Amino acid sequence: MTMPLLELRQITVSFDGFLALRDLNLNLKPGELRAVIGPNGAGKTTFLDVITGKTTPSEGDVMFKGRSLLGTREHRIARLGIGRKFQSPRVFEKLSVQENLALAVSCPKQPWSLLVGGLNGNQRDQVYHLMSIVNLQNRADWAAGSLSHGQKQWLEIAMLVGQDPDLLLVDEPVAGLTDEETDLTADLLKSLAGDHTVLVIEHDMEFIRRLESPVTVLHQGHVLCEGTMDQVQADPRVIEVYLGTTEENNG
Amino acid sequence: MFESFTTRTKQRFCWPQLLLWVVVIAVIVAAPVVLPVFRLNLLGRFLSLAIVALGIDLIWGFTGLLSLGQGIFFAVGGYAAAMYLQLNSSEGQPNGIPEFFSLYGVDRLPFFWEPFHNPVFTLIAIWFVPALLAAVLGNMVFRNRIKGVYFSILTQAALLVFFNFFNGQQKLINGTNGLKTDVTQLFGQMIGSPEMQRGFFWLTCLMVFLTWFFVRWVVRGRFGDVLIAIRDDEPRLRFTGFNPTLFKTIVFAIAGGLAGIGGALFTVQSGIVSPQYMAVPFSIEMVIWVAVGGRGTLVGAIFGAVAIMYTKSLVSEAWPQGWLFIQGGLFILVVTALPEGVIGWLKSDGPRNLLSRIGFVRPIGTYPQLEMDGQDEVQT
Ligand SMILES: Nc1ncnc2c1ncn2[C@@H]1O[C@H](COP(=O)(O)OP(=O)(O)OP(=O)(O)O)[C@@H](O)[C@H]1O
Ligand SMILES: [Mg+2]
């Protein structure tokens, strides 16, 4: 068995005594595509906060490529190869679409190299390519703040891809997207898996199904079960805490 | 498409800017001829304040760091220049050290004065010492992720500490009295002489231009984009792999260095440097220049500093108590009506909007953006 790319060991996060995560264990293999679902407040975003260094767990350890991430600052974790898309889209509103993407693809991200030179040819092509993937090439010079919600979602996904991390953490990428855009996003994430490891958090079950990936269900800060979408949906515990309401709606 | 990589959202070229530069150059060329020495000297001093304002624009307008303590770096630059000039003119004095020392019974030069015998060291120290000080102070604050209003309060607290310290050190730097420069010598000439002052005026003009050019270079391109990103959403930037602490420390140091240069030029044209340069109201005024001129527009910072200070001196001559009211009014005007400052307002088609509101010009029917929207719809 190959070494996991990411390993969460018995993570516990406590906010003033409230346990947002309880004894959470999770492994991601290199190249894997994994979906994480769970009711509101299950701790999904918190668990991304722990991986990316925003929140320090009170117990447990996070291993990435065999080294612990605890105590590493956010920008260093990002440079190690972990990229993140936030739940509500966060782009740099006063910068144009191009400038947002240019920052994402910049490498190295040191002051001096940003000061003295522009993007090299490859990076420019990359920016242009990303804009065409997310259909923003006509908005290249627009301030990101003037984009629609869906366009911001896509811009942030494009920035994440442009950062070229080994591990992509994607928090609710299709909230506010049209059905067509949702399908395109699913295809994009599927195409990234293999070369990259992708973890997707989403409430949209149709979208998750389309990813055709293993699903982890989170409930009250704990992994409730793992399996394929069909297995998970058939699990009585899951039906009870989460999908029960959905089935009622569907039925 | 890529040629316009950074032009659209920031440094857009437009006619008010061109017009302003024409006016500025005309004024600089004409000033020494038409202005009496007294007025020319005032203009030179205000132009050195414009250098400080450019630094504030860099850290506040672009990076979102509102420093109320730029007076520290301004004064340190001024003291560096004054110390050299005092040493340079103290050969005839008892013990060969500046005259004021004898008032306090000091007969040996304090150690930190020694390197200021050297003009090259002094020219470097004028910007390097304030920049280093800013880097150290800034890094302590930024590393601990102190932001926003807490940063502003800390900078003001630091200003007070320096103000009180300098005031109390008679034996080191003549305390409250400060260091005089107008009767000191440089190149065998009196600093306060009209010829020297005219020379400093030209030097200041040159430095304003170089500073403007330098800051423009810093804020253009991706480095400037990172600064704007820090202002917009600093935590987000970390997750993209940038270290905001480093960038903030660098720009704060640059602003400190610029304040030092401005302080040195201001000192030689005022004839004295004293702890009053670190008075709290003065550092707040510096911020107002930038706010009125226009945050994030470099020309606005220069314009704000010179125009406000020149108006202030004219008003104060005619009506000594009046300036405070006008300054307060200006501040309210900017907060309520012109959040982007005068130059920002000019750039954002403010005059046209105003005229159309009064009824002089017909408003534009559609925005160009809406037309682009239409084109996209056709394409997809
Ligand atoms: N900084 C914080 N301080 C206190 N409580 C917090 C904090 N962040 C999150 N929580 C709590 O932790 C729990 C988990 O929150 P989290 O945002 O991880 O949920 P989530 O699974 O992402 O939910 P959603 O699907 O609504 O995004 C919630 O009950 C939330 O109120
Ligand atoms: Mg969440």
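This briefing describes the interface, the metal site and the salt bridges of a predicted model. Local features need pLDDT of at least 70 and side-chain atom pairs count only at pLDDT 80 or more, while totals for chains, interfaces and linings use all residues. Residues are numbered from 1 along each chain as its sequence is written, chains are lettered from A and ligands numbered from 1 in the order in which they are written, and side-chain values use heavy atoms, with hydrogens and water left out.

**Interface of chain A and chain B**

- About 3,900 Å² is buried between chain A and chain B, and carbon and sulfur atoms give 60% of this area; buried area is the accessible area (1.4 Å probe) that two parts lose on being put together, summed over both.
- Chain A contributes 47 residues to the contact and chain B contributes 38 residues, where contact means heavy atoms within 4.5 Å.
- The rule finds 3 salt bridges across this interface, a salt bridge being a side-chain nitrogen of Lys or Arg within 4 Å of a carboxyl oxygen of Asp or Glu.
- Arg90(A) pairs with Asp233(B) in a salt bridge, with 2.8 Å between the closest N and O atoms.

**Magnesium site**

- Thr45(A), through OG1, and Gln87(A), through OE1, coordinate the magnesium ion (ligand 2) at 1.9 to 2.1 Å; donors are N, O and S atoms within 2.8 Å of the metal (3.2 Å for Na, K and Ca), and water is not among the atoms, so sites may look incomplete.
- Thr45(A) lies in helix H1 (residues 44-51) of chain A and Gln87(A) in the loop between E6 and H3 of chain A, so the pair ties together parts that are 42 residues apart in sequence.
- Thr45(A) is partly exposed at a relative accessible area of 27%, as is Gln87(A) at 36%; buried means under 20% relative accessible area, exposed over 50%, and partly exposed in between (1.4 Å probe, protein chains only).

**Salt bridges within the chains**

- Over all chains, the count comes to 19 salt bridges.
- Arg34(A) and Glu226(A) meet in a salt bridge at 3.4 Å, N to O; Arg34(A) is in strand E3 (residues 33-37) and Glu226(A) in strand E10 (residues 222-227) of chain A, 192 residues apart.
- Arg34(A) is buried at 7% relative accessibility, whereas Glu226(A) is partly exposed at 45%.
- Lys85(A) forms a salt bridge with Glu156(A), the closest N and O atoms being 3.8 Å apart; Lys85(A) lies in strand E6 and Glu156(A) in helix H6 of chain A, so the pair ties together parts that are 71 residues apart in sequence.
- Both Lys85(A) and Glu156(A) are buried.
- In chain B, Lys312(B) forms a salt bridge with Glu285(B), at 3.2 Å between the closest N and O atoms.

Conventions:
Helix = DSSP H or I, 4+ residues; strand = E, 2+ residues; numbered from the N terminus.
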